[in-house]
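Let us go through this model term by term. Each label gets its cut-off, and each value is set against it.

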Protein chains: 2
Amino acid sequence: MTDAALRQIETDEVSPEARPATRTLSVVDRIRTAVLAGEFEPGTRLHEVRLSERLGVSRTPIRSALQSLASEGMLEYTPNRGYSVRRFSTAEIVDAYEIRAVMEALAARFAAERGLPEAERAAIERVLAEGDEILAARDLGEEEKLAYTAVNTTFHEAIHSAARCRMLGDMIRVCHSVPHSSHRNVVSFEHMDVRRRHDDHHRIYDAILACDPYRAEMLMREHVASVKTSLVRALSGRPMARRGRS
Amino acid sequence: MTDAALRQIETDEVSPEARPATRTLSVVDRIRTAVLAGEFEPGTRLHEVRLSERLGVSRTPIRSALQSLASEGMLEYTPNRGYSVRRFSTAEIVDAYEIRAVMEALAARFAAERGLPEAERAAIERVLAEGDEILAARDLGEEEKLAYTAVNTTFHEAIHSAARCRMLGDMIRVCHSVPHSSHRNVVSFEHMDVRRRHDDHHRIYDAILACDPYRAEMLMREHVASVKTSLVRALSGRPMARRGRS
DNA sequence: TCAAGCGATAATGTATACACATGAGGGCTG
DNA sequence: CAGCCCTCATGTGTATACATTATCGCTTGA
């Protein structure tokens, strides 16, 4: 009890600005982060009682959170047997890229058809310039890689937002729960690859500005699908997919 | 013990084939059916207590079911304010068709790339023949329309299944929770439209059999998107979208 | 008369106790 | 000795009581 209260306060102090409205939502975040960080092996069962002891809340919000995460596709549920960390085959990871490719392509098309709102336009121009700067250097240190990953994320999120279609945004988000299949993980930082992908960004932006839905869609689809190709190369290089950092 | 056993048996007699494993799952079905049948106006709040009284179970499975349906996109959730029936704008319905178009197109491509399993091949050939028969008549009565709707559903489901990609299947299922945006509702039964769409089915099947992913994808995309066009025509004809039967 | 603050009420969020299902281990029987 | 069944332990499913939050109407003051 005292322990739980302390941890609660601790959590509040760590993130004072964005405290979730309910415990359930807080638990969703905590478990999601833990799973994405690889704290549980795929296939591990998540026992409600143990989680509730570990996180210091009762089983009710735990159950609720587990159900949420299962519907996101991150966990697997079997009636009367509970939840376990979903195991993704290589095929599923690759498929997730294909799905993400057509979805993000559709988002780019919507953005081109509907016009780019001022806020998104500004954000994209900013990250394009930032990316230009980062890539001006001959080699990328760890810091630059992190910075470019943020640039990449912002670029894509701006386009999702410009698509103005909630269902599409939701579905793209689901794709990101698949390990490796997120623009938050820049798969390859090889010189040619990054520069080429950054150039893609410029062209996609041009197409959207020019209100050319077909070109925007086509470019974005190839952009995302090409990452899949890099990924397959990487996976076949080292047969086992490592999880976690990098 | 005895009481529980009796209730169990009773339930078995009522629905001998598909008894849900838990009350939560049963409640999910019941609420989903009610909402799809239009028993609640869009925007209506679903009070947990009232539902629990109406369905004769406690709030726990009700809450669980509501959460499920919200993650399917059928309900809307606001923390501390509960669930309400999601209101779909015309724009969202049309967008759902676009999304479904690219997803089903991807499914067709996967099917073509991966080959058609025997079971799916048989099912498709059967419904293609059945559709030919139905459409041989000059005019379609109510019964024929129902029969053709079933044919349509089976055709599409066989292709989803042949795609062998769970995530894709899940996402397509989500599209179907949007009213009007389901192949279970054949939008237009005008002669030309139905015949054309049935012809599309034949061609899509041919493309998949010929292992022509590009053609299968393109045909399916146009096939679904064209329904969108019919829908827009219909909606602009009668400005208010009627829900429920027909 | 209107606006703002406050309190009552109802609905959701959470905790906990109990019911039931599943699986493993040991004892009984053929 | 092998196989089956029964029992028990573990963990999920459900019900219910309590805590917290939102909403609405009322009062009060300007």
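**Labels and their cut-offs**

Q: What share of the atoms of DNA strand C within 4 Å of the protein belongs to sugar or phosphate?
A: Sugar or phosphate accounts for 69% of those atoms, and bases make up the rest. The model is predicted, so local features need pLDDT of at least 70 and side-chain atom pairs count only at pLDDT 80 or more, while totals for chains, interfaces and linings use all residues. Residues are numbered from 1 along each chain as its sequence is written, chains are lettered from A and ligands numbered from 1 in the order in which they are written, and side-chain values use heavy atoms, with hydrogens and water left out.

Q: Which elements supply the surface near DNA strand C?
A: Helix H2 (23-36) and helix H4 (59-72) of chain A each supply at least two residues, as do strand E1 (45-46), helix H3 (48-55) and helix H4 (59-72) of chain B. The largest share, 3 residues, comes from H4(A). For DNA strand D, the largest share is 3 residues from H4(B).

Q: How do you know how many residues near DNA strand C are charged?
A: Asp, Glu, Lys and Arg count as charged; Ala, Val, Leu, Ile, Met, Phe, Trp, Tyr, Cys and Pro count as nonpolar; the others, Gly among them, are polar. By that rule the surface has 9 charged, 8 polar and 5 nonpolar residues. The surface near DNA strand D has 9 charged, 8 polar and 4 nonpolar residues.

Q: Why is the pair formed by A:Thr60 and DNA strand C called a polar contact?
A: A polar contact is a pair of N or O atoms within 3.5 Å; within protein, one must be able to donate a hydrogen and the other to accept it, and residues adjacent in sequence count only if both atoms are side-chain atoms. A polar side-chain atom of A:Thr60 lies 2.6 Å from a base nitrogen of DNA strand C, so the pair qualifies. On DNA strand D, a phosphate oxygen is 2.5 Å from an N or O atom in the side chain of A:Tyr77. The side chain of A:Arg59 has an N or O atom 3.1 Å from a base nitrogen of DNA strand D.

Q: Why is B:Arg109 called buried?
A: Buried means under 20% relative accessible area, exposed over 50%, and partly exposed in between (1.4 Å probe, protein chains only). B:Arg109 has 11%, so B:Arg109 is buried. This residue lies in helix H5 (residues 90-114) of chain B.

Q: What does B:Arg109 touch?
A: Contact means heavy atoms within 4.5 Å. B:Arg109 touches A:Glu98, A:Arg221, B:Pro213 and B:Glu217, not counting residues up to four places away in sequence.

Q: Why does B:Glu104 count as buried?
A: B:Glu104 has 0% relative accessibility, so it is buried. Helix H5 of chain B holds B:Glu104. Its side chain makes a polar contact of 2.6 Å with that of B:Arg100.

Q: Is B:Asn80 buried or exposed?
A: At 68% relative accessibility, B:Asn80 is exposed. It sits in the loop between strand E2 (75-78) and strand E3 (82-85) of chain B.

Q: Why is B:Arg164 called partly exposed?
A: Its relative accessible area is 43%, so B:Arg164 falls in the middle class. The loop between helix H7 (142-163) and helix H8 (166-175) of chain B holds B:Arg164.

Q: What makes a set of residues a nonpolar core?
A: The members are buried Ala, Val, Leu, Ile, Met, Phe, Trp, Tyr and Cys residues joined through side-chain atoms within 4.5 Å. The largest such core has 98 residues, and A:Leu168 and B:Leu168 have the most contacts inside it. A:Leu168 touches residues including A:Met103, A:Phe110 and B:Ile99.

Key: Near = heavy atom within 4 Å. Helix = DSSP H or I, 4+ residues; strand = E, 2+ residues; numbered from the N terminus.
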